[in-house]
Amino acid sequence: MIFRQLFDSVSGTYTYLIASRRGGEALIIDPVLEKVDRYLQLVRELDLKLVKAVDTHLHADHITGLGALRDRTHCITVMGEQTKADVVSMRVTEGDRVNIEGLSLDVLYTPGHTDDSYSYLMDGRVFTGDTLLIRGTGRTDFQNGDPRQQYHSIFNKLLKLPEETLLFPAHDYKGDTVSTIGEEKRFNPRLQVRSIDEYVDLMNNLNLPNPKMMDVAVPANVHVGLHQDEIARRGWALSAVEAMALRGRPDIAIIDLREKGEREKYGVIPGSLHAPYPDLQENISDGGMLHELATATGKRILFYCAFGERSAMAVEAAQAAGLVTACHIEGGIDAWKKADGPIAR
């Protein structure tokens with residue numbers, strides 16, 4: 001396995017690049033905007049294909065690299081379903097898995113630092129974001145933070161993991177790079193409390209100054225989505241209501257870009273075909289399934305995904321590949337459901 005821990009000294013942020021092998025698919029956790037060039041250089045050097053970029057929560061101390069990585073690699077962006085970020089390709093919740101070739105991360109909902117804080121568990125390692133730090137815990141005094149929720153997340157979820165589990169946080173300000181669940185149980189001063197009320201009192205009296213970049217970072221991180229209005233301006237978008245009127249027509253092929261697990265969990269538009277987003281370039285190229293479907297039958301390709309981000313990128317790529325009638329459902333299946341569109345399970 002390829003595992004790289006990268007550090008941004010300005011914000012004290014750790015970013016993790018993970019892949020199962022050289023030449024394979026990779027994902028990145030908690031990227032920082034200013035370091036995107038470095039990440040992509042490393043991806044090239046290791047002959048990797050970046051397919052997913054994950055933020056453990058909405059950061060307040062740096063601007064995320066999610067949007068820049070998406071724009072430059074067309075990777076899938078991933079956050080928890082509670083996120084306030086305007087458009088994220090894939091939203092996960094407790095019990096889901098984030099999969100790439102050869103690797104799988106189990107999703108744990110660990111709110112408290114923020115209400116959209118998640119941790120990711122993989123092969124004896126847990127990426128805890130700002131929920132549980134090395135000899136510390138994330139502050140709980142903004143972005144709907146809640147010390148009671150954080151106590152539950154730490155004591156009833158993270159500390160229940162095997163003690164040898166390696167702990168990789170999103171931040172450290174002392175130079176520590178890794179710990180274990182067992183170490184934190186024994187030596188983390190904030191965990192040596194006798195009750196939840198004692199922990200709440202401790203966290204409510206830290207009196208910390210706001211992060212220096214909070215006023216800049218939070219608004220920027222909320223607005224990371226691909227601007228679907230630009231796709232609509234080019235005439236490549238349909239509303240969910242418009243798409244409903246086309247469903248079932250013989251000259252329309254509705255294409256679901258989501259992963260198998262998303263389809264099983266949230267349902268599908270009846271009659272749609274499954275062509276997962278990671279296979280897009282192959283499918284729209286000469287000889288590819290969607291290219292042949294469009295050119296041989298004259299069908300108009302209508303893409304959709306969860307929230308419209310993957311499908312917006314797919315439309316741009318399809319148009320560039322010569323599929324000039326391709327379009328997408330703006331807002332994805334989320335908008336379809338809000339418009340009372342039919343769903344098949």
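Which residue lies over the face of Phe307? I looked this up before anything else, in what is a predicted model. The residue is Arg91, placed 4.3 Å from the ring centre.

**Entry: charge over a ring**

I then turned to Arg125. Its charged end sits over the ring of Phe3, with 4.4 Å to the ring centre. Phe3 also belongs to a cluster that ring pairs hold together, along with Phe7, Tyr14, Tyr16, Phe127 and Phe168.

**Entry: aromatic pairs**

I took ring centres within 6.5 Å as the cut-off for a pair. By this rule I have 12 aromatic pairs in my notes.

Next I looked at Phe155 and Tyr199. Their centres are 6.5 Å apart and their planes meet at 75°, so the pair is edge-to-face. I noted both Phe155 and Tyr199 as buried.

**Entry: the largest pocket**

What is the volume of the largest pocket? I have it as about 660 Å³. Its lining is made up of 29 residues, and those nearest the pocket centre are Asp61, Arg139, His171, Tyr173 and Pro211. I sorted the lining by residue type and got 11 nonpolar, 10 polar and 8 charged.

**Entry: helix α2**

Which residues of helix α2 are buried? In this helix, residues 66-73, I listed Leu66, Gly67, Ala68, Leu69 and Arg70 as buried. I then checked what covers them. The cover includes the strands β3 (25-29), β4 (49-54) and β5 (76-80), and the helices α1 (36-45) and α12 (309-320). Just after α2 comes His74, with a positive phi of about 60°.

**Entry: positive phi**

I kept a general point in mind here: most residues other than glycine have a negative phi. Asp30 is not a glycine, yet its phi is positive, about 55°. I found Asp30 in the loop between β3 and α1. Asp30 is buried, its relative accessible area being 1%.

Asn144 is another non-glycine residue with a positive phi, in this case about 60°. Asn144 lies in the loop that runs between β12 (136-137) and α3. Is Asn144 buried or exposed? I have Asn144 down as exposed, at 51% relative accessibility.

**Entry: Glu184**

Where is Glu184 found? It is in helix α4, residues 181-187. Glu184 is buried, with a relative accessible area of 0%. Which residues does Glu184 touch, not counting those up to four places away in sequence? I listed Leu133, Ile134, Arg135, Gly136, Leu167, Ser179, Leu191 and Gln192.

Technical notes: Residues are numbered from 1 along each chain as its sequence is written. This is a predicted model: local features need pLDDT of at least 70, side-chain atom pairs count only at pLDDT 80 or more; totals for chains, interfaces and linings use all residues. Side-chain values use heavy atoms; hydrogens and water are left out. Rings of Phe, Tyr and Trp (its six-membered ring) pair if their centres lie within 6.5 Å; planes under 30 degrees apart count as stacked, over 60 as edge-to-face and the rest as tilted. Buried means under 20% relative accessible area, exposed over 50%, partly exposed in between (1.4 Å probe, protein chains only). A charge sits over a ring if NZ of Lys or CZ of Arg is within 6 Å of the ring centre and within 35 degrees of the ring normal. On a 1 Å grid over the protein atoms alone, a cavity is a set of points where a 1.4 Å probe fits but cannot get out, and a pocket is an open set with protein on both sides within 12 Å along at least five of seven lines; lining residues have an atom within 4 Å of a point. Grid points are joined across faces, edges and corners, and a volume is the space filled by probe spheres set on the points. Ala, Val, Leu, Ile, Met, Phe, Trp, Tyr, Cys and Pro count as nonpolar, Asp, Glu, Lys and Arg as charged, and the others, Gly among them, as polar. Helices (H or I, at least four residues) and strands (E, at least two) are DSSP runs, numbered from the N terminus. Contact means heavy atoms within 4.5 Å.
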